[in-house]
Amino acid sequence: VGDFSRRAPEVGVAPELTELTAKVNRTLDRLQELLSWLRDSSDQLAHDFRTPLARAATRLAALREAQDLEDRRELTEAAERDLAQLTRAMTETMALRDGEAWAFEIVRLDELALAAVELYEPLAEARGIQLVAEVEPVSVLGVQSLLQRAVANLVDNAVKFSPDGGKVVLKATREGTGGILSVTDQGPGIDPGMVGKAPARPKPQGDGPESHGMGLPFVRAIVRRHGGRMTIADAAPGAIVSLHFSR
């Protein structure tokens, strides 16, 4: 179809047909984008729901057998946390599905980085983790709430998997006509080939700290919907996850 549209002026094809061809191509591109978004979303939902459901089921089974009142209380509270995690995942998914959520505006990546540092600083300080922002003013076109979720997810993962006394660095810089936001940690690293599968990192001991983000597949999907891309590099030790925006 693309070759035909490019030859249109030479063979005398009507401008209306050329315009129709362009619209069809745009529609097909949009369909491919939506199908990719659906696949990434479905993969992440399966992962986000399976783990807390399995934990809640295990704890409820233990609760049935528990005799000690304190044990029963702890198991009940733990199961409630698992169900709350499911509720968060569903709420975030509904927000992503909502067409009204896709209102594009000018978003400052440097401000998102600073806000994420402020949000996670108490959690980082409790484990002696240094949370640093190295930013310059940089704006991109995007959905403020979704980009906030994406950045929060990256910082949440970075803090969760960093060793006590480690360091997490957020950077926001200009890149061509757009910008780049990166999060570097000193954790066990990420296998780029595992993004979209579960788990993307080694599982923490025990239950591990709860994640308040949507997972790397959702972050990647959000960035792709903004016309950007997500890359993962080795920080030796740790990982560098970067979000690249072209506009």
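Helix 5 passes helix 6 in a left-handed crossing, a term for the near helix being turned anticlockwise from the far one by less than a right angle, clockwise being right-handed. Helices here are DSSP runs of H or I with at least four residues, strands are DSSP runs of E with at least two, and both are numbered from the N terminus. This is a predicted model, in which local features need pLDDT of at least 70 and side-chain atom pairs count only at pLDDT 80 or more, while totals for chains, interfaces and linings use all residues. Residues are numbered from 1 along each chain as its sequence is written, and side-chain values use heavy atoms, with hydrogens and water left out.

Two packed helices are described by the angle between their axes and the distance between the axes. For helix 5 (residues 144-161) and helix 6 (residues 216-225), the angle is about 145 degrees and the axes are 10 Å apart. The axes are lines fitted to C-alpha atoms, for helices over the stretch in contact, and angles run from 0 to 180 degrees between N-to-C directions. On the helix 5 side, Leu146, Leu147, Ala150, Asn153, Leu154 and Asn157 meet Leu216, Val219 and Ile222 of helix 6; contact means heavy atoms within 4.5 Å. The residues of this contact divide into seven nonpolar, two polar and no charged. Here Ala, Val, Leu, Ile, Met, Phe, Trp, Tyr, Cys and Pro count as nonpolar, Asp, Glu, Lys and Arg as charged, and the others, Gly among them, as polar.

How much of helix 6 is buried? Eight of its ten residues are, so the helix is largely enclosed by the rest of the structure. Buried means under 20% relative accessible area, exposed means over 50%, and partly exposed lies in between (1.4 Å probe, protein chains only). Among the buried residues of helix 6 are Pro217, Phe218 and Arg225. Just after the helix, Gly227 takes a positive phi of about 75 degrees.

## The sheet

Strands of a sheet pair through backbone hydrogen bonds, either parallel or antiparallel. In this model, five strands form an open sheet in the order 2-4-5-7-6, with mixed pairing; two strands pair if DSSP finds at least two bridges between them. Strand 2 and strand 6 stand at the edges, each with a single partner strand, so one side of each is left without a neighbour in the sheet. The twist averages 15 degrees from one strand to the next.

Let us walk across part of the sheet. Strand 4 and strand 5 pair in the antiparallel sense over seven bridges, with Thr173 opposite Ile180 in strand 5. Helix 4 packs on the sheet, touching strand 2, strand 4, strand 5 and strand 7, and its direction makes about 170 degrees with that of strand 2. Helix 6 packs on the sheet as well, touching strand 6 and strand 7, and its direction makes about 135 degrees with that of strand 6.

## Strand 7 and its partners

Strand 7 (residues 239-245) is mostly covered, with six of its seven residues buried. Strand 5 (residues 178-184) pairs with strand 7 in the antiparallel sense over six bridges, and Gly179 stands opposite Phe245. Strand 6 (residues 229-234) is also an antiparallel partner of strand 7, over six bridges, and there Thr231 faces Ser242. The hairpin of strand 6 and strand 7 has four residues between the strands, and in it Ala236 takes a positive phi near 45 degrees.

## Charged pairs

Side chains of opposite charge can pair when their charged atoms come close. Ten salt bridges are counted, each being a side-chain nitrogen of Lys or Arg within 4 Å of a carboxyl oxygen of Asp or Glu. The side chains of Asp164 and Arg127 meet in one of them (2.8 Å, N to O). This pair links distant parts of the chain, 37 residues apart: Asp164 is in the loop between helix 5 and strand 4, and Arg127 in the loop between helix 4 and strand 2. Asp164 is exposed at 60% relative accessibility, whereas Arg127 is partly exposed at 25%.

Another salt bridge joins Glu19 and Lys23, whose closest N and O atoms are 3.7 Å apart. Both residues lie in helix 2 (residues 15-65), four residues apart, about one turn of the helix. Arg55, Arg59 and Asp82 are linked in a network of salt bridges.
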